[in-house]
Amino acid sequence: MNKSKIFSRRDFVKNTMITASGISLAAVNKAQAQKEFKPKPLDPNNISLKWLEQPNTGSLQGTTWGVPWPKGQIKKASSFEIQHNNQNIASQTWPLAYWPDGSIKWTAHAIGANTALTQAIQLKVAQKAPQNGVLKVTDYQDRITIDTGKLFCQVQKQGTKLISILQNAEKNTVAINGKLVLQIQDKAEVEIGESLKSDWLESKITHASVEQKGDVRAVIKIEGIHESSQNKQLLPFVLRLYFYEKAESIRIIHTIIYDGNENQDFIKGLGIRFEVPITDALYNRHIRFVGENNGVFGEAVQGLTGLRRDPGKTATEAQIAGKSVNNLPENIERLSKYIPAFGDYSLFQGSPDAFDIQKRTKAGHTWLQSGYGGRSSGTAYIGSPKGGLVFGLRNFWQSYPAQLDIRNAHESQAEITLWFWAPKAPAMDLRFYHDGMGQDTFEKQREALDITYEDYEPEFGRPFGVARTSELQLWALNTTPSHEQLALIAQQIQTPPLLTVTPEYLASVGVFGNAFTLPDKSSEKKKAIEEQLDFYFDFYKKQVEQHHWYGFWNYGDVMHTYDHDRHVWRYDVGGFAWDNSELSTDLWLWYYYLRTGRSDVFRMAEAMTRHTGEVDVHHIGRFSPLGSRHNVQHWGCSAKQLRISTAANRRFYYYLTADERVGDLMREQIDADKTLRTVIPGRKIGQKAPKNDPKGELASVSFGTDWGALASAWLTEWERTGQEKTKTKLLNSMKTIAEQPNGFFHGGAIMSLATGKFQPVDANQISVSHLSAVFGLAEICFELVALIDMPIFEKAWLNYCRIYNASSQEQKALLGQDLGKLNLQQGHARLTAFAAQRTQNTQLAKRAWQEFYAGDGGIKKTSKQIKVIATPVVLNPIEEGVGISTNAVAQWGLSAIQCLAFAGASLE
């Protein structure tokens, strides 16, 4: 019998096999039209928007957000308008994504500064273009100028200075010569008898352009590198400046990529610096720092209070309020030259729980301790009654060590620096945390994996190519703000106002695979699940705080596994430490946010998206653009894989905020398949490079973690741009996976880098991994099945969903063999539920819930039990969750949310 007849018979078995409910899989495709998600009727004139957090009134400086639309209902040429209390306000709109039929899937919207926007905000499909804004952008050969109506900014296209001039609404210059600064040294620390060499580098612009130009919102993108006077170059950077109409502030997103030698390039200070012209009398120059709980440190450069000779109540009250002091008494004016002028100030946040403020008269003299506190808001001001500059760094204490400096405030030109890495802190040390411990052979590395769960390989634990993104704001004010006003500004810097649609709306339009529903406590079982979902999130939110998962390189991540003996997370044990998106922690948080709309969930997911997309991924170098598996250091594991860098984890934040940097991160992944040729994800467990590939045209790609990540990148690029190349590769890959004799059950195949087509594999080659579908593959396939009419792919995916947790008899009937003992059955219950929904199979839906509650490979018995561990057993009192690990919670959460979405009606 020839192979074609064997395959034909196998296909016949697949198509005619009877499921547990008596429904043949051949009937699945016939019922597809009835199973397709039908969005609720949309009223395009009544889309209600809400604030993620209600902003304080009087200081809204503009915001950008994303809105999804049901398939086929909004045409490309549609216009939109934003209304507040039925009054149109200036807005700007652009498309973020399209449905396969060409209709709009996601739009981005921006509004400018406004003094009092309440919750009564509506988005409407308009019959005409929206009201114009006043923002003006002019692109010259050597510079770009921006006028918001409240500030004027000039951006340079070459040289070291990024922002050459910043003026307030009164055209008073509040800052000039803005540039990035970097201090490095050749050792982390100096031992006795050693010397230390240091170097100073400044930004060098390689490219600057207007990325978006509108009359409400504009984005300027600046790229470059830090360079020393000796031509040493280090740390490529990307800077984006955001301008909104009528705003007196600039939002800045700052990204650096580490390209140094971690054994000799130790970062001592990293920041952005401006000069601030100031010519007022010394007693009319004002310094402000915002601490915690809206506390403000406020002083004048030359104080008039507490003197032996009283200048009078009028003068002292004016100075305290930041207003102009005029006509000092003659004796005070004459003696004022003897009143010390303090020109230098520094706020240093050396830990997440402590900051201090110091000042001195000038360089060469001692510092005076001026203030203390816990968690500073990271916002400062320097200026006079004629105005000045507010500068603030977001997530200031969370991203310690951070620092705000003011220098030479007593001179005609002061200097301010926002330090992303504080020079007062020890130098940044990115060296690997151990010497390899003799693991110089594959056998030794496998042995070590068995004891510490660390996948080690020499030279694979280097930080080369990892990135870090920070966010800051500059405000050009016309007057010195009151303490109350400055505290409100600091709040907005730390928690930027964001508009969004309601969870009800998100659940109605059919995005993100229709894989979530609204919270439902209509029955005891559903109530128990909802309460457990809430409990798990609240627990991890508390764990971040109790275990201080903060710091420049750590903020946003959580830990992987707990050590109940020491009562700590296993921060120092190989592969049990930082989570690095293992088993889709990011997806769990985002799906939980979509259904609840909770602001605290959004902010935790936002921080994780920033971290895992930047720090856990190599953006340049031999490993680019792969991510690193969980480890004591975020980049430490030798398993460099697409399952960590996957665009699936970034899409939520991008579509909800239109964030350009996250858009860059997803675009990095489009050609990631090329790196799989040289950095083979499963090289230690048998995955081999393609044979007979002299031109480098092929790659070994798994159908699970590899292809799932590639598919998410290709799908996202296709829906963002309509690019035919990525669409073709996506469709080719889907089709050729489905055409394999046993579809997804072959585990992987050789793929053409040019076309995305997989080569056929041996029908007897069955390979199934419990990890294949738990890093975003399931969620992307849920979307692909709903988006693309490809019956052969749907059948292959539904076979995988149904058979993974099926009985050995069903597995043998389809594959000719059973799959043995598999893990993570609880997490895979959501795949069973999806198959149940697509086939309208209530018996399969009930089986999904049986798998979920059985808890195999997950959480067998949920508990909200908390155990409090008190001192002196531990350093600080902590709470332990009974039976909690991050892997299990993430998969339990996703399975609960998606089983409710796909099989909720069968729960009872």
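**Val-501 and its surroundings**

Tutor: Apart from the neighbours within four places in sequence, Val-501 is in contact with Ile-47, Ser-48, Leu-49, Lys-50, Val-67, Pro-68 and Leu-506. Please bear in mind that the model is predicted. Val-501 belongs to strand S28, which covers residues 499-501. Is this residue buried or exposed? The relative accessibility of Val-501 is 1%, so the residue counts as buried, the cut-off for that term being under 20%. A further relation concerns Gln-122: its C-alpha lies 9.8 Å from that of Val-501, although 379 residues separate the two in sequence.

The whole protein gives this view a setting. Residues 24 or more positions apart supply 68% of the contacts that have a separation of 6 or more. Of the 908 residues, 61% count as buried. The secondary structure consists of 21 helices and 36 strands. The radius of gyration is 29 Å, close to the 29 Å given by the globule rule for 908 residues, and the protein is therefore as compact as a globular protein of that length. The C-alpha trace spans about 110 × 75 × 60 Å along its principal axes. As for the surface, the protein exposes about 34900 Å², with carbon and sulfur atoms supplying 49% of that area. The side chains include 101 positive and 95 negative ones, and the centres of these two sets are 4 Å apart.

In S25, which comprises residues 402-407, six of the six residues are buried. In a regular strand, side chains alternate between the two faces of the sheet. Which residues of S25 lie on each side? One side carries Ala-402, Leu-404 and Ile-406, the other carries Gln-403, Asp-405 and Arg-407, and all of these are buried, which leaves both faces covered.

S25 also pairs with other strands. Strand S20, residues 344-351, runs antiparallel to S25 and is joined to it by five bridges; Gln-349 has Ala-402 of S25 as its bridge partner. Strand S26, residues 413-421, likewise pairs with S25 in the antiparallel sense, over five bridges, and here Gln-403 stands opposite Trp-419. S25 and S26 form a hairpin with five residues between them, and Asn-408 in the turn has a positive phi of about 60 degrees.

Strands S5 (residues 91-98) and S6 (residues 104-111) run antiparallel and are joined by seven bridges, with Thr-107 of S6 as the bridge partner of Pro-95. Five residues lie between S5 and S6, and Gly-102 in the turn has a positive phi of about 95 degrees.

Finally, consider a residue in a helix. Gln-891 lies in H21, which covers residues 886-903. Gln-891 has a relative accessible area of 4% and is buried, because the term requires a value under 20%. Leaving aside neighbours within four places in sequence, Gln-891 is in contact with Leu-583, Ser-584, Val-774, Gly-827 and Arg-830.

Key. Residues are numbered from 1 along each chain as its sequence is written. This is a predicted model: local features need pLDDT of at least 70, side-chain atom pairs count only at pLDDT 80 or more; totals for chains, interfaces and linings use all residues. Side-chain values use heavy atoms; hydrogens and water are left out. Helices (H or I, at least four residues) and strands (E, at least two) are DSSP runs, numbered from the N terminus. The radius of gyration is taken over C-alpha atoms; the globule rule is 2.2 Å times the number of residues to the power 0.38. Buried means under 20% relative accessible area, exposed over 50%, partly exposed in between (1.4 Å probe, protein chains only). Contact means heavy atoms within 4.5 Å. Accessible areas come from the Shrake-Rupley method with a 1.4 Å probe; for residues, only the protein chains shown count as cover. Lys and Arg count as positive and Asp and Glu as negative; His and the chain ends are not counted. The place of a charge is taken as NZ of Lys, CZ of Arg, CG of Asp or CD of Glu. Two strands pair if DSSP finds at least two bridges between them.
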